[in-house]
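Work through the exercises below with the structure open. Each task is followed by a solution in steps.

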Amino acid sequence: MEYRINCIGILTSGGDAPGMNAAIRSVTRTAIFNGIRVKAIYRGYSGFITGEIKEFETQNVSNIIQQGGTILKTARCDEFKTPEGRRKVYDRMVEEEIDALVVIGGDGTLTGARILAQEFNVPIVGVPATIDNDLFGTDSTLGYDTALNTIMEAVDKIRDTASSHNRLFFIEVMGRDAGFLALNSAIASGAEAAIIPEKETKADQLAELIKNGFRKSKNSSIVLVAESDVTGGANGLAERMRREYPEYDVRVVILGHIQRGGSPTAYDRILASRMGVAAIDALLDGQRSIMIGVVNNQIVHVPFTKAIKDDKPLDEHLVSVLHILSI
Ligand code: ADP
């Protein structure tokens, strides 16, 4: 059956990530270019329930490509996790004559989208945006590259003070249960080690590594730690080191929310622009319940079920690169 899309809804949901605005701009302008109206929903799925919806023209997305955060705001909407909440969302979509949705967000956002699409047969395409890079089927998610650069700059600064005092720094970065940020920022900043949930590192191994570093007249050591119950976080590790190796002057830095902010890098802006165009192309092509991804610099379509469920593998080559270069 021919299904014509006259109007799309667009929203950002869950954790914010730099590049979301660039994606909003791209989706909006590509839709309008193709003669499709755009309705922006504010504060994630909550905006459907509260009716915070506004029609966008091209000028509504002017001058935002360089801004971090999201002009649509974002929210965690618990009501959407209930069948009654999703019914309200669907009813509002019908009332607003929205035929299809583009949702920009992470794992939770796409999980919600998958359920809504299934329950009400709504065409939905997702754009992956999370600094954690933990969605399967895409080499990169929006915001990840910007967060990596933010961490790298912070670690460079910490290195200056660390080497002036012969200190051992544990720097905790975000990532939930994924080690992409910790591993790659460790490589980019020349850190001695990365403690990531995907790899077990014993306290002895870590101490050995650091001891070697100091012995070879390095005058500071920096270890990137992924926030995670598995790694114990930077505070947990530091406590163990202090107890077992009191000779080290151990310090902890939790980078926290600065990792989410800032103007997106060129890479994230270009990726967001490409993904936004691809999202509308996919909808026009009759695709639904897929996430736009990028693999080997080519745009791909990943079914929601795969993007959410499958664990994204860590590149073992990167683990050995860090190991070789930190001796
Ligand atoms: P992220 O998209 O960054 O992973 P969250 O996990 O907070 O962020 O999810 C964002 C929103 O997506 C939630 O507030 C909720 O509205 C929706 N969502 C998440 N998980 C589900 C679920 N299991 N069922 C329905 N909606 C969900």
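**Exercise 1.** How many residues has the largest nonpolar core, and which have the most contacts inside it?

Solution. The model is a predicted one. Begin with the count: the largest nonpolar core has 64 residues. Next, pick out those with the most contacts inside this core: Ile-8, Val-102, Ile-104, Leu-181 and Leu-224. Then set the core against the domain bounds: at least three of its residues come from domain 1 (7-143 + 264-309), and at least three from domain 2 (144-260). Another core, of 27 residues, lies apart from it and includes Leu-11, Val-103, Ile-124 and Met-291.

**Exercise 2.** List contacts of Ile-8, leaving aside its neighbours within four places in sequence.

Solution. Take heavy atoms within 4.5 Å as the criterion. The partners of Ile-8 then include Val-27, Ala-31, Ile-36, Val-38, Ile-98, Ala-100, Val-102, Ile-280 and Leu-283. Arg-37 and Lys-39 are also in contact with Ile-8.

**Exercise 3.** Give the strand order of the open sheet of 4 strands and locate its edges.

Solution. The order is β7-β8-β6-β9, and the pairing is parallel. The strands that pair on one side only are β7 (193-195) and β9 (250-254), which makes them the edges. From one strand to the next, the twist averages 20 degrees. Now examine β6 (residues 168-173): 5 bridges join this strand to β9. Phe-170 stands opposite Val-252 in β9.

Technical notes. Residues are numbered from 1 along each chain as its sequence is written. This is a predicted model: local features need pLDDT of at least 70, side-chain atom pairs count only at pLDDT 80 or more; totals for chains, interfaces and linings use all residues. Side-chain values use heavy atoms; hydrogens and water are left out. Two strands pair if DSSP finds at least two bridges between them. Helices (H or I, at least four residues) and strands (E, at least two) are DSSP runs, numbered from the N terminus. Axes are lines fitted to C-alpha atoms, for helices over the stretch in contact, and angles run from 0 to 180 degrees between N-to-C directions. A nonpolar core is a set of buried Ala, Val, Leu, Ile, Met, Phe, Trp, Tyr and Cys residues joined through side-chain atoms within 4.5 Å. Buried means under 20% relative accessible area, exposed over 50%, partly exposed in between (1.4 Å probe, protein chains only). Domain bounds come from an automatic or database domain assignment.
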